Every structure is written in C-alpha cells, then in structure tokens.
Amino acid sequence: MSHRMGIFVVLAIAMALQVPVTVAQKPPAPAPPSSPSAPPSRPATPLPSSSERSQPREDLVMFLQGRVATNDGAPVPNDVLVERVCNNRVRQEVYASPHGDFSMQLGSRAGSFPEASGEPTSPYGVASKDGVMGISRRELMNCELRASASGFHSVVIGLVDVGSFGSIDVGVIVVRRSTKIKGMTLSAIPYKAPKEARRAYEKGLQAERKGKLADAHKYFETAVEIYPSSASAWFQLGTVLQKENHKEAARKAYTQATTIDTRFLPPYLSLASMAYQTGNWTEVLDLTGHILDLDPLNHAAVTSYIVDLDPLNYADAYFYNAVANYKLDKIEDAEKSGLKAEHLDLRTHFPHVHLLLAEVFARKNNYALAIAEIQTYLALAPHAKDADQAREQLAELEKLNGSVSTSEKPDQR
C-alpha cells in the first residue's frame with residue numbers, strides 16, 4: 001500500500017461508522033447563515049489586489065438588506081436562503097427570517113465562499129485601515145440576488161446600481177409557488193383507502209408526532225390490515241418499527257412498500273440507510289441507484305415542484321451512493337455523487353462527505369483539493385470524534401503537497 005493511500009485507512013473506517021441524519025428529517029427553523037451548498041475548492045483566500053486595498057471608503061457597500069415575499073401573499077417558507085450570485089457562481093448565502101427579512105454583510109467570511117476561480121477580485125471584499133469590511137460597487141455589478149426555497153421559483157434582482165457606502169435596501173425578492181408536474185406525484189396518502197384505514201393512518205401520524213410509538217405502531221398495523229395496498233402506511237409502519245429497534249420487521253415493512261409502489265422513494269432511502277449501517281455496499285448502490293434514476297433534479301427540463309419529494313433529502317441518497325461506489329472501487333462515480341451530495345447538503349447533515357472527497361482526490365494525486373476538503377470538514381465539525389485524526393491526515397497531505405510543489409519547480413541554477 002502506497003504512502004498516500006495508507007494515510008486514509010483509519011479515516012475511511014471512521015467515516016463508514018458515522019451514520020448521517022436519515023430521511024424525513026424536517027429542516028430546522030431559520031438559523032444563522034448556513035454552510036455553503038458547494039465547498040471551498042481552494043484552501044486559502046487570495047490576497048486583495050493593491051487597487052482593492054486602496055478602495056475608497058465611500059465606494060464600498062457593507063450590507064445588502066431586503067425581504068422575501070410570496071407573490072400570493074402567503075407566508076414565506078421556513079427555509080428560504082438568499083443567495084448572492086456573481087458571474088454565475090454562488091458567493092454568499094444567508095437565511096431569511098420567518099417574516100422574510102434578511103441582511104447580508106458584505107466582505108465577511110460568514111456565509112461566504114472562498115474564491116475558486118483564480119480571479120484577482122476577492123468575493124469577501126477588503127478591509128480598510130480602520131477594519132471596515134465591504135465590497136466595491138464595481139465588484140457588485142456582476143452580482144445578483146435570488147431566493148432559494150423548495151417548491152418556489154425566485155425573481156432575480158441585479159446589483160448593477162446598488163448605491164454607495166453603507167447599507168443598501170434592495171427591496172423585495174418575490175418567489176412564486178411552483179406548479180406540480182402532472183404524473184410526477186409519488187404515492188400521496190392513499191385517499192382511495194377505506195375510511196377506517198384512512199382514520200387509522202391519520203391517528204398513527206398524530207401518535208408518532210407526539211412520540212407515542214406504541215400507539216402509532218398499533219394504528220399503522222390496523223391501517224395495513226384494512227388496506228394492505230397502502231405504500232405510505234407500510235412505510236410509516238416501518239419507520240415506527242425502526243424507532244422501536246425492530247430492525248428486521250422494519251426492513252420487511254419498507255420492502256413491502258417498495259413492492260406496492262416503485263416510484264414511492266422514502267422506503268428505498270430507509271433501506272439504503274440500513275444497508276449503509278451494515279456495510280452492504282452492493283445493496284446500497286442498488287437502492288440509491290433506483291432513487292437517483294427517478295431524481296427529477298437530474299432532468300434538466302424539470303423545473304416545477306414535486307409534492308412528495310419534500311421529505312426526501314437527495315443529499316442522503318447521493319452520500320450513500322458515493323460511499324458505496326468508493327467502497328466498491330468505483331472512484332469516478334464516487335467523486336460524482338460525492339460532489340452532488342456536497343452541493344445539496346445545505347444544512348451540513350453530512351460533513352463526512354468532505355472526508356470521502358478528500359480520499360478520492362488524494363487517490364488522484366490532487367492533494368490541494370484533498371487538503372481543502374479536510375479543512376472544510378474541520379471547519380464544520382471541529383470537535384468531532386475523528387477531528388484529531390483528520391488533522392493528522394491534513395498534515396500528511398500538506399507534506400505530500402509540498403513535495404509535489406517542490407518537485408515541479410524549475411532548477412534554480
């Protein structure tokens with residue numbers, strides 16, 4: 001085993017034992033700026049140019065403020081992200097408040113993306129001698145603001161003329177509720193079921209929300225006894241059984257749900273999670289492959305809301321798929337799915353995806369990217385159980401990267 005391969009053995013084992021958040025977990029209430037949807041691809045922030053360092057104070061913009069509102073006056077979604085996009089790249093994200101208000105500090109590292117393009121301008125802006133941060137109007141001319149929320153489309157606000165130094169009110173970013181795509185609804189609650197089955201199903205949901213698992217178990221069993229063709233009821237029964245630690249019974253319930261409706265994806269993800277925990281990588285690959293084949297986000301023509309995909313976090317599926325591919329030595333596929341998981345995991349349920357990508361990049365001798373991924377992991381999980389191991393791997397990678405850089409320098413004679 002080569003030196004660069006050996007440094008990841010312990011890391012891979014630690015990563016495989018870390019089980020991320022599973023399907024149907026609802027997002028938290030709006031919080032401070034979320035982690036970016038794409039990771040830093042360079043470990044260091046480029047220094048501002050001399051022109052930026054001398055940027056006049058009056059030409060700097062420090063804050064962008066505004067609010068998000070729906071076109072029909074309905075409450076805004078509770079997970080709205082406002083994104084600053086410059087040259088078609090997301091550079092900064094902040095959460096809107098429950099009322100839709102937002103404030104974005106420019107030139108701050110919080111909620112920002114390090115420059116990955118090698119362009120001379122810094123996305124953070126510059127600090128003046130008195131420590132004031134900001135971004136010049138010239139930089140903002142290539143930027144726009146948009147809102148991002150599941151099931152909604154956003155109007156885009158250009159920042160061509162946002163004024164000068166200080167706090168700029170950009171107004172209202174309007175979002176429109178997307179329409180459901182005909183034929184793409186995936187197994188909604190079975191309203192065709194008999195009345196008694198529907199009542200039992202709804203009582204089961206209520207009991208589960210209240211943490212009364214024994215009652216929920218009973219109600220869902222009643223629902224599937226009365227109407228055994230309900231994929232949703234079988235899935236909910238499996239969820240309760242899994243919470244009660246009846247793993248084999250849960251597996252059977254999930255499997256029954258998949259046999260009833262192959263387009264109802266939550267039970268596939270639950271089965272993939274169980275296979276992930278046991279290290280059955282072939283099964284993980286099969287199950288996640290089915291999910292990703294039906295992932296509408298993979299189809300460029302699909303731009304509308306798909307009602308039953310809200311509880312399904314596709315970052316889960318891509319993460320499991322990436323790990324399974326890596327374990328089965330399908331490195332290119334692992335990288336592809338890992339990058340997709342990294343992009344979709346806005347709330348960082350899967351910080352270990354950065355360790356996985358670090359392994360992939362190291363195997364490809366791209367030590368700079370591997371270093372950046374581990375740095376991102378340590379920034380997201382500085383107190384994780386394997387943080388010290390990650391720091392050791394980071395030091396080894398930096399040595400390897402230094403050796404490569406030295407060997408590539410021309411002979412200075």
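The structure is a predicted model, in which local features need a pLDDT of at least 70 and side-chain atom pairs count only at pLDDT 80 or more, whereas totals for chains, interfaces and linings use all residues. Residues are numbered from 1 along each chain as its sequence is written, and side-chain values use heavy atoms, with hydrogens and water left out.

The chain has 15 helices and 10 strands. Of the 413 residues in the chain, 47% are buried; buried denotes a relative accessible area under 20%, exposed over 50%, and partly exposed the range in between, with a 1.4 Å probe and protein chains only. The chain exposes about 20400 Å², of which carbon and sulfur atoms supply 52%. Accessible areas come from the Shrake-Rupley method with a 1.4 Å probe, and for residues only the protein chains shown count as cover. Among contacts with a separation of 6 or more, 65% are accounted for by residues 24 or more positions apart, where contact means heavy atoms within 4.5 Å.

In its pairing with S4, the bridge partner of Phe63 is Gln105. An open sheet is formed by four strands in the order S3-S2-S7-S9, with antiparallel pairing. Strand S3 (89–95) and strand S9 (157–158) stand at the edges, each with a single partner strand, so one side of each is left without a neighbour in the sheet. Within this sheet, strand S2 (residues 81–86) and strand S7 (residues 143–148) are joined in the antiparallel sense over six bridges, and Val85 stands opposite Glu144 in S7.

The largest nonpolar core contains 51 residues, and those with the most contacts inside it are Phe220, Tyr276, Val284, Ile291, Phe319 and Tyr320. Helix H11 (residues 314–327) contributes the largest share of this core, 10 residues. A second, separate core of 25 residues includes Val68, Val82, Val170 and Val175. A nonpolar core is here a set of buried Ala, Val, Leu, Ile, Met, Phe, Trp, Tyr and Cys residues joined through side-chain atoms within 4.5 Å.

Helix H5 (residues 195–209) has 15 residues, which should span 21 Å at 1.5 Å a residue; its end C-alpha atoms are 21 Å apart, in agreement with that value. The expected span is 1.5 Å times one less than the number of residues. The buried residues of H5 are Ala197, Ala200, Tyr201, Gly204, Leu205, Ala207 and Glu208. They cover an arc of only 165° around the axis, which puts them on the same side of H5; the arc is that of the directions from the helix axis to the C-beta atoms. Lys195 and Arg209 are exposed on the other side of H5. The cover of the buried residues includes helix H6 (213–226) and helix H7 (231–243). Just after H5, Gly211 takes a positive phi of about 80°.

His217 is placed in helix H6 and counts as buried, at 16% relative accessibility. Neighbours within four places in sequence left aside, His217 is in contact with Leu237, Val240, Leu241 and Glu244.

Helix H8 (residues 247–260) has 14 residues and reaches 20 Å from its first C-alpha to its last, close to the expected 20 Å. Ala250, Ala253, Tyr254, Ala257 and Thr258 are buried in H8. Seen down the axis of H8, its buried residues fall within an arc of 140°, so they line one face of the helix. The face turned away from this buried side carries the exposed residues Lys252 and Thr259. The buried residues of H8 pack against H7 and helix H9 (266–278).

Ala370 lies in helix H14 (residues 367–380) and is buried, with a relative accessible area of 0%. Neighbours within four places in sequence left aside, Ala370 is in contact with Ala358, Phe361, Ala362 and Leu397. Lys399, in helix H15 (residues 387–408), counts as exposed at 56% relative accessibility.

Technical notes. Helix = DSSP H or I, 4+ residues; strand = E, 2+ residues; numbered from the N terminus. Pairing = 2+ DSSP bridges.
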